[in-house]
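Please walk through the main features of this structure. Keep it brief and plain.

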Amino acid sequence: MKYEATIGLETHIMQKTQTKMFCACRYEYGAEPNIHVCPVCLGYPGALPVMNEKAIELCCKAGLLLDCKINPYSKWDRKNYFYPDMAKNYQITQADEPLCLGGHLTVEVDGETKTFTLERIHQEENAAKNTHVAGASLVDYNRAGTALMEIVSNPCMHSAADALAYLTALKQIMEYGGISDCNPEKGQIRSDVNVSVRPVGQKELGSKVEIKNMNSFAFIQQAIEYEIDRQTELLENGGSVVQETRGFDSERGETFSQRTKENAHDYRYFPEPDLMPVKISAEQVEQWRSELPELPAQRRVRYVSELGLPEYDAGVLTADKATSDWFELAMQHTQNAKAVSNFIMGEMMRLLSEKEIPISESKVTPEKLAGIIALIDAKTISTGAGKQVFEIVFNDGGDPKAIVEEKGLAQVSDDSALEDWADEAIAANPKPVEEYKAGNAASINFLMGQVMKASRGKANPGAVMQMLKQKLDG
Amino acid sequence: MSELNNLTIAELSEKLAAGECTSVDIVNDVLASIDSNDGKVGAYLTIDRASALEQAQEADEARAAGKKLPMLGIPIAIKDLLNVKGQPCTCSSKILEGYVAPYDATVISKLREAGAVLLGRVNMDEFAMGSSTENAALGKTSNPWNLAHVPGGSSGGSAACVAADEAIASLGSDTGGSIRQPAAFCGCVGVKPTYGRVSRYGLTAFASSLDQIGPLSKTVKDSALLLEVLCGHDKMDSTSIEMEVPSFGKNLTNDHSLAGMKLGLPKEYFVEGMDPEVEKAVHDAVEHCKSLGAEVVEVSLPHSKYAIAVYYIIATAEASANLARFDGIRYGLRVDGKDPLELYGKTRAAGFGPEVKRRIILGTYVLSSGYYDAYYKRAQKVRTLIRNDFAEVFKQCDAILAPVTPTPAYKLGEKTDDPLKMYLDDILTTPVNLAGNCALSLPCGFSASGLPIGLQIIGDSFAEETILKVGHAYEQTTEWHKLKPKI
Ligand SMILES: [Zn+2]
């Protein structure tokens, strides 16, 4: 019998808001523990939540980017559970009326275009961070109450590759949309993964196993692959899968049982009496829609159709938002998209990875790159010299034009100087001259190389070629 | 008896303005009264004498500098569930022993801005759960009119301290009658404002959708003056309403005519088992209102009979979540355990009293999967019916007259063994909390044994002005409010 896996993801994304979801505290990753706290996020007696409007906007914009329907009426609920990561011992979340409904995401998996559908996106508050040390548990409430949205997919994926493509696209869209920085190391994107396996052709889904709270995409992929194999093997051997929550041991690459259905929490959801329902007008939705940024897929299409870049270049440039935004800025200063693309994909990426810095820290600014390209286009310097200038600016900063002058990198197009070098090259290399005259056109390249060498790279290659041809053909 | 502590906010404000006394004088008289009487009454849990005198001194200086503020120099007692920065806030529970509030409740900030002197913290049923202040874990309060009787609750300390002239006025909170019922038992005035009128920020929550902070005072005028200070939208409480606050105090005039006023008398509110003395006192009050020109009509609030059941489902459900934060991790009592869950269990077992535990268990039960629809959801539907009842009645009349409680204050210990019997006493007050509108309680007579009887005046949402007007007219044309207990 053949088996197929079904996978659904519940992805928690921390939004980029100035303040927490229900209080005025800031959030700062890596800050000294318990400094960004107040009576509200510490669950003090009498403290009340006040909704963060910016978080609502970001959640709805995330919904619009994923083609969700924005719920005109949504409300807040309390999810009750006792654990030291939740100061009030209940979490304010949205149970039956979330902010965003439906939606979908189209991705490419192994060359095949697939659309994954969403069930909902709801807004909630983040939990505190617990650390367990010998003999004690420590709680850091800095993260407690920060804005967190949960994007729930339908059980519509069938492989680890599907899930990875979905998460990668989701992360890219959230970054592009300015919704979140989605840094997995900082816990800004975490997923609960539901995996079930059933015989092909069976209508109802198999027993669901949930693997909770995973940051790393690589571990998510491993966990899914492990679960699919484990469950398939169980079924093949006539066994059955227990509906349960499992953890993932990243060192062994295995999942392990944490909590079975019998011990599942009863969260006793009920409407949050301290907050009013959220009402969102159609006008508000349209306003937000008009403010949405261009998504990577849209940018890719535009780079090809309007800027004439190859598909490959468009894909590389839009892979992450920082690079694509940098490219956009450079294009405000030049028309030569291909040259910008070449520099980014070549020198820029090489030097960035050598230095291990993000593009935002490059000393070559978009404007300076446009300056270098302008010097090349005006034939003031050769492309090779341009790369030299790029590297100098990248390492030490400075003005490209000044560097060209200072280092004497300007090309020589002056006929008399070129003529001298050309004559010398022809006189010193009779064999290639003969071969060229006999019809071997490529032989002229050797002579060209000699001239460039004599000029120490400063000769204008176009002018040299013209000069040589004039002398040999004439 | 010319001690300043016996006077009202209105009287003292005049004296202060005329330079006939200072705030320090008033506080000294109040403290003297506490010294001589509170050993018997037991209204206070904590008093910070030095701070009270210091605040009084500041108030006197501010007045000397020409400052005019509505509560300048007036000492007010605070129910022990309102957070006052730097003070304890125990809710009369062992679980909050040692907790010091790090912030001011919004009503406390408002009182400070109005120049009031924060006098001390008064007793209550633990977490406001109870009707006699006998559920208090940290103090024992008696009714100033008869020390063998309960002061009512949960704001028992707030009512007792005002009745005993151990404060000029006080703040209480009303979730199911917790201001009105003790006001009735102790013979003072208490107002449960419309839900959303007063910010709940800083009020330790019992049942969030029902709780409202309100004043207890010696006269209707004083309640009006205090209410004016307390009301208003607060961005820290999303359920507080953005609405202009009327000049409640100034609008009460010497014209005590109720001509043109239509008052409803709900037939369901004269329940079986009602004490005949209470019934008579209320009926006499109704006749008195007629004599002032009011028209009285019989009205019906048919779903009132479900109010107790609905109240004890919704209030306990909300309480079960609201009280979950008292877990021994961040403040208050902690009893260690081998893991967090054991720590929670031991802390809460040691920290909460039996009534609080009973309500948490009840609330947890009604929200449990499989029971939610039958209890909580159904209760919410009935709550809507109760609200609709009031809306219908207020189409026909301006305010409703009713008793506050079926009986006068009962004896200490008389009902502690039968919580259900005590719950049933809330029958006449809980419907107003469920509907969200406002009501006032004021004295309208005494039992033969000398215990006060209260009259309840119920108004539509945001109709505080109407009920204050009726209450003021009744009070100023009767003598009940002038009687004082002999302690
Ligand atoms: Zn905070």
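In this predicted model, three strands of chain A form an open sheet in the order β5-β4-β16, with antiparallel pairing. Strands here are DSSP runs of E with at least two residues, helices are runs of H or I with at least four residues, and both are numbered from the N terminus. Two strands pair if DSSP finds at least two bridges between them. β5 (90–93) and β16 (270–271) of chain A stand at the edges with a single partner strand each, so one side of each has no neighbour in the sheet. Strand β4 (residues 77–80) of chain A pairs with β5(A) over four bridges, in the antiparallel sense. Within this pair, A:D77 stands opposite A:T93. Strands of a sheet pair through backbone hydrogen bonds, either parallel or antiparallel.

**Conventions and confidence**

Residues are numbered from 1 along each chain as its sequence is written, while chains are lettered from A and ligands numbered from 1 in the order in which they are written. Local features need pLDDT of at least 70, side-chain atom pairs count only at pLDDT 80 or more, and totals for chains, interfaces and linings use all residues; side-chain values use heavy atoms, with hydrogens and water left out. pLDDT is the predictor's confidence in each residue, from 0 to 100. Chain B averages a pLDDT of 96, and 100% of its residues score at least 70. For the complex, the predictor gives an ipTM of 0.96 and a pTM of 0.88.

**Domains of chain A**

The bounds come from an automatic or database domain assignment.

| Domain of chain A | Residues |
|---|---|
| Domain 1 | residues 3–285 |
| Domain 2 | residues 294–407 |
| Domain 3 | residues 415–473 |

The centres of domain 2 and domain 3 of chain A, taken over C-alpha atoms, are 32 Å apart.

**Helix α1 of chain A**

Helix α1 (residues 53–65) of chain A has 13 residues. From first C-alpha to last it reaches 18 Å, close to the 18 Å expected at 1.5 Å a residue. That expected span is 1.5 Å times one less than the number of residues. Buried means under 20% relative accessible area, exposed over 50%, and partly exposed in between (1.4 Å probe, protein chains only). In α1(A), 11 of the 13 residues are buried, so the helix is largely enclosed by the rest of the structure. Among them are A:E57 and A:K61. At the start of α1(A), a side-chain oxygen of A:N52 reaches to within 2.9 Å of the backbone nitrogen of A:K54. Just after α1(A), A:D67 takes a positive phi of about 60 degrees.

**Strand β6 of chain B**

Six of the six residues of strand β6 (residues 212–217) of chain B are buried, so this strand too is largely enclosed by the rest of the structure. B:Q212, B:G214 and B:L216 point one way, and B:I213, B:P215 and B:S217 the other way. Strand β4 (residues 169–174) of chain B pairs with β6(B) over five bridges, in the antiparallel sense. There, B:S170 stands opposite B:L216. Strand β5 (residues 189–192) of chain B also runs antiparallel to β6(B), joined by two bridges. B:V189 stands opposite B:S217.

**Two buried residues of chain B**

B:Q456 is found in strand β11 (residues 452–459) of chain B. Is B:Q456 buried or exposed? At 0% relative accessibility, B:Q456 counts as buried. Its side chain reaches the backbone oxygen of B:P403 at 3.0 Å. B:D80 lies in the loop between β2 (75–79) and α4 (106–113) of chain B. At 2% relative accessibility, B:D80 counts as buried.

How values were computed:
Polar contact = N/O pair within 3.5 Å; in protein donor to acceptor, adjacent residues only side chain to side chain.
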